[in-house]
Amino acid sequence: MSKKRFYIETFGCQMNVHDSEKISGVLSREGYSPAGAPGDSDLIIFNTCSIRQKAEQKFFSELGRIRKLKKKNPNLMIGVAGCIAQQQGKKIFRRAPYVDFVFGPQNIHLLGELITTAAASVATEDNPDVANADLPVTRGAGGKAWVTIMYGCNNICSYCIVPYTRGRERSRPSENILREIKELAARGCKEVTLLGQNVNSYRSDRDFPELLEEIDALGGVQRIRFVTSHPRDLSERLISAVQRLDKVCEHMHLPLQSGSSRILGLMNRGYSCEDYLSKIRMLRHSVPGIAITTDIITGFPGETEDDHTKTVEALKEVEFDGIFAFKYSPRGETKAAAMEGQVADEVKSRRMGEILDVQDSITLKINKKLETSLQQVLVEGPSGTDRKMRSGRTRSNKIVNFKGQNSSVGQTVTVRIIRARKHSLDGEVV
Ligand code: SAM
Ligand code: SF4
C-alpha cells in the first residue's frame, strides 16, 4: 500500500514556518510523506496566523478554496493549526464544517492521535510541558536552521494577540538546545537562528547571554542569529556577548513600534523612545557597524499627526537598515481593540506610505556605502528573481545576489558588492 501524503500551507512568522517543520516531522513519524500540491494529498494542514486581520482573511479564503477538493475526495482530511486554531477552537467547525480537526501551537505533539480520531477534535489545552518535550523536525535542505529556544510571551502589549494564542513564556532547557545544535552542525548546518517571541528574556538554568556563549563555543556552526529581541530586555551583558562572540552575527531586530513615548505607554511596551535611543547608542558604540532593523505600527488608537511625526523623526535619527511597517489591526480580546480614537484606514495608509518613503531612502543610503566592499556571504540557493544568479546573506543579514554557479548552498564565499539596491545588493565572487 502506498504511503499517505500530506500538504502544509503556512501563514505568518518564522515561528509558524518552524512549527510547520515540526508538524512535518510528526507526520513523517506517523508514516506520511510530503505531497507536491494540495490536490495530491490525503491530509492538508493549514498552519494559521492571527497577528493581523489580513492574515486571518487570507486563511479563510484559502480554506474555502480547498472545500472543492474535499467534495471530490471525501477521504481527504483537513486540519487547522496555529494561532487562529488556538483562538477560535471549535468555532472553526461552525464556519467550515468540512474541517476535521483543530490544534494549537502547544499541541503539535497530539497530531498522531488527531489524525486517527479526527471527527471534529479540538486540541487547544495549555501545555506546560511544551518546552521540555522535543518533537521531530523535518527541515528543508540548506545550510540554515531555525531552533526554538522559548515558547509563548509574558508581555501584554496592548495591541498583540500572541500572549492569547501562544500562552505564557516557557524556556527550553539549555542542554536540549545545545544537543539540537550539535546534531545540526554534524549534518552540515552553518547558521542557526534562535527563535522566541521575546528571545532575549530566555531563562532556564542559563540566561540568554550565557546560552549564546555556550552555543558560540560549539564546533561546526559558523553563524548565530536570534529573533525577536525586546528593547526592554536588551541588557549590557547581551550587548557585550554580541560584541565578544565571533559567531554571533552583527545584526539585531529590535522592534521600536512607535517613536512617540506617549503611544509606547499606551502600547504597554515598557520603554520610552529615549530609553530605546540610548540602547541603540550603546549597541552601536560596542558593536560598530551592527545592522539594526525594526517593526513599526502605524495608526495605533489615539495616534496624532504629532505622534506620527515623532516616529518619522526616530527613523531618521536611528537610520535603521530596514523596517517592517504594519497598519494597526484591532485584534479580538486585546486592550487596544477597545480603545477610543481608532484611526481611519486612509490615515493609517497615508502614514505608512510616508514612513516607507523615508525608510527607503535611508536603506538605500546605507546600502550604497557597502558598494565596493568585500562581504562574507553564506550561500542560500538560486536568486528568487533570476535563477542563473545565486543568493545569500551577509553577516549583517543583507541579501546579496551574485553570479557564482560554482558556489554551493551552505558555502561561505567572499563577494565584492558592485551595486546597492533598496532591498538587496548585487555582487561578484572574488
Ligand atoms: N515579539 C515580537 C515583539 O515584541 O516585537 C514580535 C511579535 S509580532 C509576531 C511581529 C510584529 O507584528 C510586531 O513587532 C508588531 O509590529 C506587529 N503587530 C503585532 N500585533 C499587531 C497588530 N495588532 N496590528 C499591527 N501590527 C501588529
Ligand atoms: Fe506581542 Fe509584545 Fe509579546 Fe511581542 S512582546 S509577542 S508584540 S505581546
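**Note on the predicted model: sheets, ligand shells and backbone details**

1. Strands β13 and β14 pair in the parallel sense, and six bridges connect them. Within this pairing, Ile297 has Phe326 of β14 as the residue standing opposite. All of what follows should be read with the reminder that this is a predicted model.

2. The two strands belong to an open sheet of three strands, in which the order is β12-β13-β14 and the pairing is parallel. The edges of the sheet are formed by β12, covering residues 251-253, and by β14, each of which pairs on one side only. On average, and with direction ignored, neighbouring strands of this sheet are turned by 10 degrees against each other. Helix α13, made up of residues 345-368, packs on the sheet and touches both β13 and β14, and the direction of this helix makes about 175 degrees with that of β14.

3. Which strands each supply at least two residues of the shell around ligand 1? Both β13 (291-298) and β14 (322-327) do so, and β14 is also an edge strand of the sheet described above. In total, 15 residues surround ligand 1, and the closest are Gln197, Pro255, Gln257, Asp295 and Ser329. By class, the shell around ligand 1 divides into six nonpolar, four polar and five charged residues.

4. Tyr159 contributes through its backbone, with an N or O atom that lies 3.0 Å from a nitrogen atom of ligand 1. Taken alone, ligand 1 exposes 570 Å², and the protein buries 91% of that area.

5. The surroundings of ligand 2 consist of Cys153, Asn155, Cys157, Tyr159, Cys160, Val162, Pro163, Gln197, His230 and Arg269. This shell divides into six nonpolar, three polar and one charged residue.

6. Strand β16 (residues 390-393) and strand β17 (residues 399-403) run antiparallel and are joined by four bridges, with Arg393 standing opposite Ile399 in β17. These two strands form a hairpin with five residues between them, and Asn397 in the turn has a positive phi of about 75 degrees.

7. Two backbone details in loops deserve a look. Is the peptide bond from Val227 to Thr228 cis or trans? The bond is cis, with omega near -5 degrees, and Thr228 lies in the loop between β11 (223-227) and α9 (236-244). Glu319, a residue other than glycine, has a positive phi near 55 degrees, and its place is in the loop between α12 (305-318) and β14.

Technical notes. Residues are numbered from 1 along each chain as its sequence is written. Chains are lettered from A and ligands numbered from 1 in the order in which they are written. This is a predicted model: local features need pLDDT of at least 70, side-chain atom pairs count only at pLDDT 80 or more; totals for chains, interfaces and linings use all residues. Side-chain values use heavy atoms; hydrogens and water are left out. A residue is near a molecule or strand if one of its heavy atoms lies within 4 Å of it. Ala, Val, Leu, Ile, Met, Phe, Trp, Tyr, Cys and Pro count as nonpolar, Asp, Glu, Lys and Arg as charged, and the others, Gly among them, as polar. A polar contact is a pair of N or O atoms within 3.5 Å; within protein, one must be able to donate a hydrogen and the other to accept it, and residues adjacent in sequence count only if both atoms are side-chain atoms. Accessible areas come from the Shrake-Rupley method with a 1.4 Å probe; for residues, only the protein chains shown count as cover. Two strands pair if DSSP finds at least two bridges between them. Axes are lines fitted to C-alpha atoms, for helices over the stretch in contact, and angles run from 0 to 180 degrees between N-to-C directions. Contact means heavy atoms within 4.5 Å.
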